[in-house]
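Hi everyone, thanks for making time for this. I'd like to walk you through one model, so let me put it on the screen.

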Amino acid sequence: MNALDFTDKVVLVTGASRGIGREIARQFAEQGARVVVHYGRNHSAAQETLTALPGSGHMTAQADMADSAALEQMVAEVVAHYGRLDVLINNAGIYEDHPLAETSYEAWQASWQHVIDVNLIGAANLCWLAGRQMIRQGYGRIVNVSSRGAFRGEPTGPAYGASKAGLNAMSQSLAKYLAPYNIFVGVVAPGFVETDMAAESLKGESGAAIRSQSPLNRVARPEEIAYPVLFLASEGAEWLTGTIVDANGASYLRT
Ligand code: NAD
């Protein structure tokens, strides 16, 4: 038996035009899923992800995570197209720096609003939209991509840390609420990953310092984050509902 078999499952991966999301989409497709490659702005990058996916029946779907109406329309289109939605992966996210001592009050508020809108409210809205469909069909899996920063702190990006801590708490609440409907919710909390989002921090001295946080002296590759995402969404992982999986190469161990 292949526990990671997702044959014919309909999987929506947000932020799949690049980075971790692109790799999550690829791994689901490799395991037989029909993947909805969600993107915000970069249609050609999403198209590139789509073209590279093995198997068939995949599609792209556009929506700004901060636009609740656009998300509603997107999920309606997915359900109209496939007749169902089995797995939601809330991967899209942004990081913004707003060091308190150097940020104006206006900029501080704007940045908090934007980060929370995209990382937390957007994911919550998609949980509602997908969750209602999953309740109707009596089956669903949701995996939210959080961050080590929720636990370790984000000194110069506190909205990011708070948004991911909120995502963790929301996931645990929904895991409890949705379990009776045969819908299970998990979280993967990565440390640094080799993607565009982290590219700047991974350069030069700061990069060396970040790599040395792990006893493996490196950061994660996107496939090492995608794997636990698939695992939590797989048949047999139901009892792990509500779990937050640390994927950080032992760079930060919580008890
Ligand atoms: P990335 O910047 O390469 O990809 C993020 C994706 O989210 C992009 O496709 C982007 O278009 C999409 N997105 C951002 N804002 C959006 C919006 N308003 N509407 C629609 N789509 C939007 O980053 P990544 O490294 O692949 O990150 C993926 C997830 O992993 C994020 O949630 C991030 O917080 C988390 N994460 C990343 C790292 C890291 O070091 N790279 C570490 C911990 C957690």
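Let's begin at Arg84, which sits in the loop between helix H3 (68–82) and strand S4 (87–90); helices (H or I, at least four residues) and strands (E, at least two) are DSSP runs, numbered from the N terminus. This is a predicted model, where local features need pLDDT of at least 70 and side-chain atom pairs count only at pLDDT 80 or more, while totals for chains, interfaces and linings use all residues. Residues are numbered from 1 along each chain as its sequence is written, and side-chain values use heavy atoms, with hydrogens and water left out.

Back to Arg84: with a relative accessible area of 28%, Arg84 is partly exposed, a label that falls between buried (under 20%) and exposed (over 50%), using a 1.4 Å probe and protein chains only. From Arg84 to Gly140 there are 56 residues in sequence, and 9.8 Å in space, C-alpha to C-alpha.

On to the polar contacts, meaning pairs of N or O atoms within 3.5 Å. A backbone N or O atom of Met65 is 2.8 Å from a ligand nitrogen, and the side chain of Lys164 places an N or O atom 2.9 Å from a ligand oxygen.

How values were computed. Polar contact = N/O pair within 3.5 Å; in protein donor to acceptor, adjacent residues only side chain to side chain.
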